[in-house]
Amino acid sequence: PYNVDKIMKSITQTISQVRNSSSISLNDRKNANNNFEIYIRDFSTALNKQANDEKSKDLKKLAAEIYEDYLVLYPRSRFYSDISTNLAEIYFALGDY
């Protein structure tokens with residue numbers, strides 16, 4: 001249903017471009033970075049909920065991929081431990097421990 005690799009590649013490239021842009025003000029870069037953080041967190045959490053509701057291992061795997069990307073992109077996020085916990089629960093549900 002989702003091409004996670006394509007979605008996350010586009011988002012990751014855009015985040016990198018915004019973070020490293022000299023033509024975007026610092027304030028705008030912070031705002032964009034914050035918006036991307038929220039988007040990725042909300043998307044991965046919604047996908048995880050859908051996976052749980054549908055008992056879908058495939059969707060759980062997709063959610064795990066996005067959670068992994070989130071943890072790399074936002075290692076200082078105040079939601080880091082929550083996302084790590086969600087990811088660990090997915091690994092456990094998939095028997096990947």
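1. Let's start with helix 3, residues 57-73. Its buried residues pack against helix 1 (4-19), helix 2 (26-54) and helix 4 (80-93). Contact here means heavy atoms within 4.5 Å. The buried set in helix 3 is Leu59, Lys60, Leu62, Ala63, Ala64, Ile66, Tyr67, Tyr70, Leu71 and Leu73. "Buried" is under 20% relative accessible area, "exposed" is over 50%, and "partly exposed" is in between (1.4 Å probe, protein chains only).

2. A word on what you're looking at: this is a predicted model, where local features need pLDDT of at least 70 and side-chain atom pairs count only at pLDDT 80 or more, while totals for chains, interfaces and linings use all residues. Residues are numbered from 1 along each chain as its sequence is written, and side-chain values use heavy atoms, with hydrogens and water left out.

3. Now the overall layout. The chain has four helices and zero strands, giving the pattern α-α-α-α along the sequence. Helices (H or I, at least four residues) and strands (E, at least two) are DSSP runs, numbered from the N terminus. Along the principal axes, the C-alpha atoms fill a box of roughly 45 × 25 × 20 Å. Of the 97 residues in the chain, 34% are buried. Among contacts between residues at least 6 apart in sequence, 53% join residues at least 24 apart.

4. The expected span is 1.5 Å times one less than the number of residues.5.

5. Which residues touch the most other members of the largest nonpolar core? They are Met8, Ile40, Ile66 and Tyr70, out of 22 residues. Helix 1, helix 2, helix 3 and helix 4 are the elements that give two or more residues to this core, and the largest share, nine residues, comes from helix 3. A nonpolar core is a set of buried Ala, Val, Leu, Ile, Met, Phe, Trp, Tyr and Cys residues joined through side-chain atoms within 4.5 Å.

6. On to charges. A search of the whole structure turns up two salt bridges, each being a side-chain nitrogen of Lys or Arg within 4 Å of a carboxyl oxygen of Asp or Glu. One joins Arg41 and Glu37, at 2.7 Å from N to O. Arg41 and Glu37 sit four residues apart in helix 2, so about one helical turn separates them. Both Arg41 and Glu37 are buried.

7. The other salt bridge links Asp53 with Lys49, whose closest N and O atoms are 2.8 Å apart. Asp53 and Lys49 are exposed, whereas Arg41 and Glu37 are buried. As background, an α-helix has 3.6 residues a turn, so residues three or four places apart point the same way.

8. There are two aromatic pairs as well. Tyr39 and Phe43 make a stacked pair, 6.0 Å centre to centre with 5° between the planes. Rings of Phe, Tyr and Trp (its six-membered ring) pair if their centres lie within 6.5 Å; planes under 30 degrees apart count as stacked, over 60 as edge-to-face and the rest as tilted. Tyr39 and Phe43 are four residues apart in helix 2, so they are separated by about one helical turn. Tyr39 is partly exposed, with a relative accessible area of 41%, while Phe43 counts as buried because its relative accessibility is 15%.

9. The pair formed by Tyr70 and Tyr74 is tilted: 5.4 Å centre to centre, with 40° between the planes. Tyr70 counts as buried at 0% relative accessibility, and Tyr74 counts as buried at 6%.

10. Finally, have a look at Lys55, in the loop between helix 2 and helix 3. Just after helix 2, Lys55 takes a positive phi of about 50°. Most residues other than glycine have a negative phi. Is Lys55 buried or exposed? Lys55 is exposed, with a relative accessible area of 73%.
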